[in-house]
Each structure stands twice: as structure tokens, then as C-alpha cells.
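Take a look at the model below. Keep it in view as you read.

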Amino acid sequence: MGGGMGAIDAFVRTFSLMVEAKKLYIPALVFSLLLAPVAAYLLPSEPSFEITPNQTTSGDVIIEQYGGDMEGEIIDFLVQLGKALAILMAISAVLGSIVQYAITKGALLHESGEEYGIGELLLDGLKHLPGVIVIELIFMAVAIALASVALIPAVLGVLFLPWGAVLILIGVLLLLAILAITTSMTAIAIPLYADKRRIGAAFSAFGMVFGNVLSSIAFGVLLWVGVIGVSMIAGSVGFAVDLVFPEGIASYASQLLQAPFNALMMEFLTVGGVAFYRELQKMEELKKVDEELLGLA
């Protein structure tokens, strides 16, 4: 019960922090608006899959063979998509890391009642860019490794079907739990780094999260719910724009109109990490007090 309440308290605090520190939305919005036209330009349009007849003659008979080069069209689309995503990820990794640190630092300063400026936060984010990227790469590798381990029961279950169905279920549930934990763990890594100003401090996230497993799973799931909610709204806007605007400008209009929602999602995840970090700190302090009282008893 206590673990679930800690996650809910952090989730509620996330929204109140976002309302209190409204200006932290600005760097996220600027980042999303800058990325929008780049994404619209780079991302390829979906393949048309047009069927064109190919005529061949056999004596006096004309034979029409239908079926465009769909396979080649799909491969070409996937290659272009892969290149576009690689470029977007590189840009996002650099600019996004600066903005993420800036929002994190701003939220921590707000919690401490200290004054801050957006320009000052962004300069601080630029200074700590290498540290943020190193931390994110390490935590991404850890998340992939843990998810791979969680999948082992499911893989074994597939090999021993139908009796392995139980193993598949266990594997899926274990994977969801691990993904929720790693979501929470990644969320508090940058707040730890920004608060302590040491890269090594980020790795305290492992102990904090695994020491509060139920809270971490619950908070990770709540973050997913928030992201899914915002994504559904953004997706609806993008779909509506595609129907209204002509093909040439639809992708640009869609990306630009979705940018405010993408910025909201980025701020939500970043501020959420700060709120959960502070909540875990409170929980650990309470545990210490309880241990001291037990020692005195």
C-alpha cells in the first residue's frame, strides 16, 4: 500500500510542479518546434503501393501482368525511414539532452525555492551535455540487458508449447515489471546527476529503485499512462491535419501542430523524474528514522 501511495504522490506532484513552474515548458516547446520541420523534411511519405499493368505479347495475344514493384518500394521506404530516424535521434540526443538537464535543474531549483532563468538553465544544460549522454547510453544498455533476461522464460515457453504457455505468461509479466522499473530508474538518473553534480551519483538510481520495487513499478506504469494519453491526443491532431491539408504541406503542419504535445510529454517525463526522485528520498529518510527507532527500542 505504502509503495503504491508513494508512486501516486509523485505522480500528482508532477502535475502540480508543471503548473507551478510554467516557464519550464518553454525550452521543451522550443526544442519540439525546432525538431518539427526537420522531422517533416526527413521522414519519407508512406509508399503508395500503386498497381501498374505490365504488358507483354505472345503472338497475337497481349498479356497484362498486374502488381507493381511493391517489395522494392517497401525496402526503399524502410531504408529512407532508417536514415531519417538515425539523423533525428542524433539531433534529439544532443538538443534533447541539453533541454532535459535544463528542465531537471529548473524543477530541482523550484523545489528548493531558488530563482532561475531559462537562459541560465540552458547554458548549464550545454555544459553538462556529455554527462547526460553518457548516463542515458549506460541506462539504455542496462534496460536492454534486463529486458533480455526477462524474456528468457517466454523464449523457453515457446520452445515447449503448449505446456510452455505458463512460462510465456510469466515472461511477459516479468518483462512488463522490468520495463516499468527501468522507466522509473532512467527517470531519476538525471535528477540525481543534476542534484549531486557527479556522473557517479546517477548510479544511485539502481539502489533507490530496487530498494523500492513496488513504488518503482507503479510509477513506471503511471508514466506510461500519461505518455499514452498525450500521444493519443497528438496522434488525433496529426490524423486530422492529414485529412484537412494538401499533401505537400500536411507533414509540416502535422509536425508543427503536434509539437506542443510532444513538448508537454517531454516536460511531463522530466519533471516526473524529479518528483519521483524527491519522493524516494523522503521514503528512504522515513526508513532511516524507523530503523533508528527500532534500534532505540
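## Ground rules

The model is predicted: local features need pLDDT of at least 70, side-chain atom pairs count only at pLDDT 80 or more, and totals for chains, interfaces and linings use all residues. Residues are numbered from 1 along each chain as its sequence is written, and side-chain values use heavy atoms, with hydrogens and water left out.

## Helix 2

Helix 2 covers residues 25-42. Helices here are DSSP runs (H or I, at least four residues), numbered from the N terminus. Its 18 residues should span 26 Å at 1.5 Å a residue; the expected span is 1.5 Å times one less than the number of residues. The end C-alpha atoms are 26 Å apart, which agrees.

Helix 2 has a kink of about 25° at Ala-36, shortly before Pro-37. The bend is the angle between axes fitted to the seven residues ending there and the seven starting there. Buried residues (under 20% relative accessible area, 1.4 Å probe, protein chains only) in helix 2 include Phe-31, Leu-35 and Ala-36.

## The lining of the largest pocket

Helix 3 (70-111) is among the helices that each supply at least two lining residues. The largest share, 10 residues, comes from helix 3.

## Ser-184

Ser-184 is found in helix 7 (residues 165-196). Is Ser-184 buried or exposed? Ser-184 is buried, with a relative accessible area of 0%. Leaving aside neighbours within four places in sequence, Ser-184 is in contact (heavy atoms within 4.5 Å) with Val-209, Ser-216, Phe-219, Gly-220 and Phe-276.

Key:
Buried < 20%, exposed > 50% of the residue type's maximum accessible area, 1.4 Å probe, protein only.
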